[in-house]
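Student: I have a new structure to look at, and I would like to talk it through. Could you help me read it?

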Amino acid sequence: MNWLHTAIAKIEADYQRSADTHLIALPLPGFARHGIDLYLKDESTHPTGSLKHRLARSLFLYGLCNGWLHEGSTVVESSSGSTAVSEAYFARLLGLPFIAVMPRETSCEKIAQIEFYGGRCHLVDNPTAVYDEARALATQTGGHYMDQFTYAERATDWRSSNNIAQSMFTQMARERFAVPRWIVVGAGTGGTSATIGRFVRYQRHATQLCVADPVGSVFGEYHRSGNPSLTGPGSRIEGIGRPRVEPSFIRTLVDRMIDVADVDSVAAMHYLSDLLGRKVGPSTGTNFIGMVELACEMRAKGEHGSIVSLLCDAGERYLKSYFDATWTQQHMGDYAPAAARLQAQLNDVD
Ligand SMILES: *Cc1c(COP(=O)(O)O)cnc(C)c1O
């Protein structure tokens, strides 16, 4: 009991020392003059740099309170990077060894961050092998496989507890359209969309939930068909879009899916980075494309209201990939036409 109580107290004290993330109002006159306001909740300001900080805290508390984590337990996770960075932080806080099982192409910036927090990286060649490899490592070490893709939807208290959804609604309280018409998110685990979707229903808000999904991900097709055994190539936007239907993606909570091409995500990432004066990551670009599509529909129909989404992480993690012109040209092609299309939508010349 002693170790368990101390461990929970350490996480709670860390939370007590933390501040909430900002809600940024985007200056977009092409929408604002039509009575449509866009906002991004800036999740890049958590100590570990992304929205996965919230997930990692929830998963550790869930594991501790379920009796799955003990003094000396090796914590193992399958991750494309961001979750592992945040979990490494909490593992260090509790003095537990941490191993991240990741695809070999994971950015070296993320690997360096995991190692900075004392975690170990176990790289595998086949990205779909991360789940089995992580489970096997946990068995070998007598440790615990966190399994974010299964537990993300249930580890966070969706009713309130100052979760991301409650914070959004509180921060919107003094805006001209305080209850968002739409909330737009991407789905990696699906945990964020599940928390927001349940909260909105429980609070009986008129808000609808949209998931912006990159090409190559199966979530869009799963939303349409309900077939849980779908597989696909996976997405090229780090953090979102999956090659299989993850158990934490709860399709019945999502009102609308928008498929987003990679060039559009990259164009939006650059546009936002220029607008805000600091770099945002590619999944934030995907979110922005979803927001702009919905805002254009609202403008065409003469609807007023607000749209809220997330700034998931900062662009500094992607300097050698999405922010590198040669890399982007090679992996995604020319995004200049996508940038022009986006600019036209924002300028209100449709
Ligand atoms: C995980 C992640 C998301 C998606 O969040 P989920 O709650 O896992 O669906 C979006 N962007 C980035 C950068 C992420 O790491």
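Tutor: Let us go through the ligand site and then a sheet. This is a predicted model, where local features need pLDDT of at least 70, side-chain atom pairs count only at pLDDT 80 or more, and totals for chains, interfaces and linings use all residues. Residues are numbered from 1 along each chain as its sequence is written, and side-chain values use heavy atoms, with hydrogens and water left out.

Student: How many nonpolar, polar and charged residues form the shell around the ligand?

Tutor: Ala, Val, Leu, Ile, Met, Phe, Trp, Tyr, Cys and Pro count as nonpolar, Asp, Glu, Lys and Arg as charged, and the others, Gly among them, as polar. Sorted that way, the shell has four nonpolar, nine polar and two charged residues.

Student: How far is an oxygen atom of the ligand from an N or O atom in the side chain of Thr 192?

Tutor: Lys 52 also has a side-chain N or O atom 2.7 Å from a ligand oxygen, and a polar side-chain atom of Thr 189 lies 2.7 Å from a ligand oxygen. For Thr 192, the distance is 2.5 Å.

Student: Which strands stand at the edges of the open sheet of four strands?

Tutor: The strand order is β5-β4-β3-β6, with parallel pairing; strands are DSSP runs (E, at least two residues), numbered from the N terminus, and two of them pair if DSSP finds at least two bridges between them. Each edge strand has a single partner, so one side of each is left without a neighbour in the sheet. The edge strands are β5 (120-124) and β6 (144-145).

Student: Which residue in β5 does Met 102 stand opposite?

Tutor: Strand β4 covers residues 98-103, and five bridges join β4 to β5 in parallel. Opposite Met 102 stands Leu 123.

Terms used
A polar contact is a pair of N or O atoms within 3.5 Å; within protein, one must be able to donate a hydrogen and the other to accept it, and residues adjacent in sequence count only if both atoms are side-chain atoms.
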